[in-house]
Each structure stands twice: as structure tokens, then as C-alpha cells.
Amino acid sequence: MAGIRIQSVTKRFGSTQVLRGVSLDVAAGEFVALVGPSGCGKTTLMRIVAGIEQADGGAIDIGGRDVTRLRPGDRDVAMVFQSYALYPHLTVAENIRVPLALRRLNAWQRLPAIGGLLPGAADANHLMEQDVRRAAEALGLRALLDRRPAQLSGGQRQRVALARAIVRRPKAFLMDEPLSNLDASLRVQTRREIVDIHRQSGAATLYVTHDQSEALTMADRVAVMQGGELLQVATPEAIYADPQDLRVATFIGSPRINTLPAETGADGMVRVAGHPVGLWGARPGPLTLAIRPEDLVPAGTGLPAVAEAVEFLGESLLLHARHEATRTKLVLRLPPEARAELPAPGAAFHLQFDTTRALLFGPEGRRVGVSALSGEAAFV
């Protein structure tokens, strides 16, 4: 089964270029999360794939078929949106059944009262009832089939929307912020259900979200989008540990990655405010040094800093600090048992980090080559 192929898609609204030649492949059975800040163009791209919007340029291929000019109903995709879009006057079973009826019954067979008496309608209705119950069972909705949307919680309504999507067994799933209306505990539970449904279906899934935790925990690959272009497409592990663009590095990760202005001198050594940091740059010039909060630690020597505040998070704690020379805010993620040894707010201390985990970015924001002094885990 083929998946989704997005080829050089462009879109403009008036004078605003929303999409800038976006290309992305989602293989059959693959789950790709499209993540980025609000206004980056990810929902517009999803609507173009669904057929709700028309692209100015480029092509969309679904299931090995060019669907660029086809109506949404002819693309064989199932869509789940932020709003549940359930029919309030229909029961859960009837809501799930709607897409099946539209595909399997003709206009006469869908008529109330007499439609079910027409040739072929009884057999089709029996098969649809089986499919509805199978989808409801998969999402724990069996006991709710006779209820109406007003009698359901937000999480239950979202499950109905998911059941309505999977019951058709489409070639592709398109999901646009489907969990944003749920509370934190329901989001965690429902995202696992979505991944399970995806695995069972074997269909290509394109999942749009601004929540990076959803992207990193659910997807086979993550596509990071900003300013109408894809910056990087890679596995969650690579997106986090090996970002190729400073915008990717600063968007992915919570707390945000620490960044410090740096430069490579004529001798090739990287320095922050004159302090060597145990790294060698490819060529002289300004750089940005980026270090994840979990890779910074307090030490007796290293980069001078001033402690500002401590946040206790249960499984870890955050030490907020300031690099005085550059006035840069920094965050350290530490184990809770380290609290007794932390500097008090306002106290001066030093920072060290594992040079093999440091990232360097050039003036244009792209990753640059770096060499670490062997065995070093600190400033030198």
C-alpha cells in the first residue's frame, strides 16, 4: 500500500507566502508528525493534502494516485480535526456509521423508513453494523453506542471522532491537532490509542501538532516546519540530539536548549566571552553554542555564572542561571538529590558540560563542524 507524497507544494494568501515548495513523503504504515509554531503553515499543508484547500503549485499523491485536483471525498483519506465535528442529533453508533453509509449506500438506500427496504440495503446495513461495533470496541465505546454527543465527555467525543475515521479503513489518516481540547491526562491516554490504531490499520498517518511532546512520543519521524518550509525531517531521537538548524534546536526540547554567543579564533579554538570551551571550530568567525539543560552541570571551574532560582519538578529540578559576560539566561536540569549542593540565588558558580554533546551553529543558523578535546567534559 502506497502512502502520501507531497511534492513542491506552494501556497500564497494575498501577499503572504504560506508554503514555500514543501516536499514530504509518508510511507505506508508510517506515522509522521508535522510540528511547528502557530502560523508556520502546517494546517494549510494538511488542508491541501485533504483537498479542502487548493495549492498554487506542486502535487499530492495518495496511495500511488495523483489526487491534486480531486475533491476531498474522492481521495480516500480519513480526517480527524481539533473540533470533533459530531452530529449532535445522532447517536454514537450513527455518527460512526455516517462515512460508511455515504460510501456503501446509494441516495435511495439512505432514505429514512423506506431506504432499508430496497434491494441490497439490508446486507449493507448488517455489514456496516459489524464494522461500527468493531471500531467502537477498539476505542472502548461499546457501552456508549446509544448515547448522543451531549452525553459524552470531551475525551469520549474525541474517541468517537477517531472511530468514525478508522471505520472506513482509508489509505491515509490526516489528523490536525486532535488532542488539543483534552486535558493533560486524557491527552497522554488518547495519544497511545491513536498510535495503536495507526499500527493496526497499516495506513500512512500525517499528524499535525504544535505540541512537541506529542510529536516526539508518537511519531516514527518528525517534520519540523517554520516559516512555510520544512527545516528537518528525521527520527525523534535525531531531531532532538542532532538538529541541523538552530531553529529546530530551539523549538524542540523543554526547557528550551541553552544558547550562548561564541566565536572561533584564528587558532581554531571556540571561546565564549574569551573563555575556551574545549571545542575546535572549522573556521574563524561568530558562532552560537547550544547545550541541552541536562548536559550542563555546576562545577568548581568553568564558565562563570550567577544562580537565579530553582524549580522543583518532582523527577528533576531546574536551576535558572545567568551568564554575566553575555547576560544570557541559562537553565540546568538536575536530579532532585542535587538540591542540597546547589548555589543559593545570587551566588556565583561555574558551569561545565560534556563537549561531545555540544552543538555549534554558524551565523546563518546551520550546523557547523566541531571537534571536541578527547575525554573532556568541561571548559578548559
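**Hairpin, sheet, pockets and a buried histidine**

Let's start at a strand pairing: Gln226 sits opposite Glu229 of strand E10. Keep in mind that this is a predicted model.

**The E9-E10 hairpin**
- Strand E9 covers residues 221-226 and strand E10 covers residues 229-234; the two run antiparallel, with five bridges between them.
- Together E9 and E10 make a hairpin, and two residues separate them.
- Gly227, in the turn, has a positive phi of about 60°.

**The four-stranded sheet**
- Four strands make up an open sheet, in the order E2-E1-E4-E5, and the pairing is antiparallel.
- Strand E2 (16-26) and strand E5 (65-66) are the edges, each pairing on one side only.
- E5 is joined to strand E4 (residues 57-62) by two bridges, and this pair runs antiparallel.
- Asp61 has Asp66 of E5 as its bridge partner.

**Around His323**
- His323 belongs to strand E17, which spans residues 317-323.
- With a relative accessible area of 1%, His323 falls under the 20% cut-off and so counts as buried.
- Its side chain makes a polar contact of 2.6 Å with the side chain of Thr326.
- Leaving out residues up to four places away in sequence, His323 touches Leu260, Val272, Ala273, Leu303, Pro304, Thr328 and Leu330.

**The largest pocket**
- Its volume comes to about 570 Å³.
- There are 20 lining residues, and Met79, Pro99, Leu102, Arg164 and Arg168 are the ones nearest the centre.
- Strand E6 (77-80), helix H2 (92-104) and helix H4 (154-166) are the elements that each give two or more residues to this lining.
- By class, the lining of the largest pocket splits into 14 nonpolar, two polar and four charged residues.

**The second largest pocket**
- This one has a volume of about 380 Å³.
- Of its 18 lining residues, Ala93, Glu94, Arg97, Val98 and Val132 lie nearest the centre.
- H2 and helix H3 (121-138) are the elements giving two or more residues to the lining of the second largest pocket.
- H2 supplies the largest share, six residues.

**The cavity**
- Searching the whole structure turns up one cavity of 30 Å³ or more.
- The largest cavity holds about 40 Å³ of space.
- Ile48, Glu53, Gln54, Ala55, Ile60, Thr68, Arg69 and Arg75 form the lining of the largest cavity.
- That lining consists of three nonpolar, two polar and three charged residues.

Methods. Residues numbered from 1 in each chain as written. Predicted model: local features only at pLDDT ≥ 70, side-chain atom pairs only at ≥ 80, totals over all residues. Heavy atoms only, no water. 1 Å grid on protein atoms, 1.4 Å probe; cavity = no way out; pocket = protein on both sides within 12 Å on 5 of 7 lines; lining within 4 Å. Points joined across faces, edges and corners; volume = space filled by probe spheres on them. Nonpolar A, V, L, I, M, F, W, Y, C, P; charged D, E, K, R; others polar. Pairing = 2+ DSSP bridges. Buried < 20%, exposed > 50% of the residue type's maximum accessible area, 1.4 Å probe, protein only. Polar contact = N/O pair within 3.5 Å; in protein donor to acceptor, adjacent residues only side chain to side chain. Contact = heavy atoms within 4.5 Å.
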